[in-house]
Amino acid sequence: QQQTALARAQYRRQLSALLPNVSGNVNESLNQINLAAFGIPLPAGLTSPVVGPFGIFDAHANMSETLLDFNAINKVRAASENERAAKFTVQDARELVVLLVGNQYLLTVASATRLDTTKAQLNTAQTIFQQTQDLKKAGVAAGIDVLRSQVQMQTLQQRVLAAQNQFEQQKMSLARTIGIPVAQQIQLTDNVPYAPLTALNLEEALAHAYQVRPEFRAAESRVRSAELAVRAAKGEALPTVELNGQAGFIGPAPGSAEYTYA
């Protein structure tokens with residue numbers, strides 16, 4: 001975002017060379033000059049070449065406008081392409097953030113689902129173990145069946161602990177990715193249902209990517225900017241057309257100043 005702001009400022013700087021420039025100046029001075037220093041002969045009746053003191057009051061406004069400058073025009077266009085490239089780069093960075101956060105969230109949802117599945121399997125194993133114990137008490141099941149169901153239940157208990165640890169670790173990774181404190185407790189509220197991805201043809205996918213992918217469009221803008229910079233350099237050898245004007249008041253004092261222009 002800072003780079004985008006810098007590119008926008010650079011564009012405005014280049015654009016200012018094509019915009020009208022208006023300035024003003026007010027000056028009042030008291031002068032005494034030596035006519036001999038300028039090679040001016042003494043007029044009749046003067047005995048000293050030193051003239052003065054006399055005052056000059058000058059208040060005027062200046063205006064300049066570039067009508068045609070190929071160098072400045074191409075510099076503006078190049079700066080505009082640089083700004084577009086910076087905007088596309090920001091969009092690409094945002095999409096990368098979305099990709100990373102979305103991936104971490106999906107991994108966390110998957111860990112939560114695995115934990116729920118393992119807990120469901122544990123509940124089933126506990127029920128089977130209880131039924132096997134009841135069958136043994138009724139004399140219709142062997143002790144080995146009870147032992148087998150007990151081992152299966154204990155194995156699933158260990159799996160539940162491992163899945164719980166994995167889920168907590170994944171939540172910490174998600175918290176670190178989105179920038180919240182790792183120790184903060186979070187609860188997932190949205191589950192993403194499974195949906196098969198639409199099959200894409202390679203040529204169609206590439207054509208679509210060339211139109212919408214921000215990193216590719218940023219590269220295109222940088223290429224165009226470089227081409228325009230070359231044209232701007234060549235434009236330095238071409239003539240330019242400018243309009244300049246000045247208007248104001250000048251005289252020995254503010255009250256006796258007369259209007260002049262150029």
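Me: Which residues have the most contacts inside the largest nonpolar core?

Reply: The model is a predicted one. Its largest nonpolar core has 14 residues. Those with the most contacts inside this core are Leu115, Leu122, Met153, Phe167 and Leu188.

Me: Which element gives the largest share of this core?

Reply: Two elements, helix 2 and helix 3, each give two or more residues to the core. The largest share amounts to seven residues, and the element that gives it is helix 3.

Me: How are helix 2 and helix 3 oriented relative to each other, roughly parallel or roughly antiparallel?

Reply: Helix 2 (residues 70-137) packs with helix 3 (residues 143-178) at an angle of about 165 degrees, their axes being 8 Å apart. Angles over 145 degrees count as roughly antiparallel. Therefore helix 2 is, relative to helix 3, roughly antiparallel.

Me: How many residues of the contact of helix 2 with helix 3 are charged?

Reply: The crossing of these two helices, helix 2 and helix 3, is left-handed. The residues of their contact include 18 nonpolar and 18 polar ones. The number of charged residues in the contact of helix 2 with helix 3 is five.

Me: At roughly what angle do the axes of helix 2 and helix 5 cross, and is the arrangement roughly parallel or roughly antiparallel?

Reply: The axes of helix 2 and helix 5 (residues 214-235) come within 8 Å and cross at roughly 165 degrees. Because of this angle, helix 2 is placed relative to helix 5 as roughly antiparallel.

Me: How many residues of the contact of helix 2 with helix 5 are charged?

Reply: Helix 2 and helix 5 have a left-handed crossing. Their contact contains ten nonpolar and eight polar residues. The charged residues in the contact of helix 2 with helix 5 number eleven.

Me: Which residue stands opposite Phe249?

Reply: Strand 3 (residues 241-251) and strand 4 (residues 258-261) run antiparallel and are joined by four bridges. A hairpin of six residues leads from strand 3 to strand 4. The residue in strand 4 that stands opposite Phe249 is Tyr259.

Me: What is the value of omega at the cis peptide bond between Gly52 and Pro53?

Reply: Pro53 has its place in strand 2 (residues 50-68). The peptide bond that joins Gly52 and Pro53 is cis, with omega at about 0 degrees.

Conventions: Residues are numbered from 1 along each chain as its sequence is written. This is a predicted model: local features need pLDDT of at least 70, side-chain atom pairs count only at pLDDT 80 or more; totals for chains, interfaces and linings use all residues. Side-chain values use heavy atoms; hydrogens and water are left out. Axes are lines fitted to C-alpha atoms, for helices over the stretch in contact, and angles run from 0 to 180 degrees between N-to-C directions. Angles under 35 degrees count as roughly parallel, over 145 as roughly antiparallel, 65 to 115 as roughly perpendicular and the rest as oblique. A crossing is left-handed if the near helix is turned anticlockwise from the far one by less than a right angle, and right-handed if clockwise. Ala, Val, Leu, Ile, Met, Phe, Trp, Tyr, Cys and Pro count as nonpolar, Asp, Glu, Lys and Arg as charged, and the others, Gly among them, as polar. Two strands pair if DSSP finds at least two bridges between them. A nonpolar core is a set of buried Ala, Val, Leu, Ile, Met, Phe, Trp, Tyr and Cys residues joined through side-chain atoms within 4.5 Å. Buried means under 20% relative accessible area, exposed over 50%, partly exposed in between (1.4 Å probe, protein chains only).
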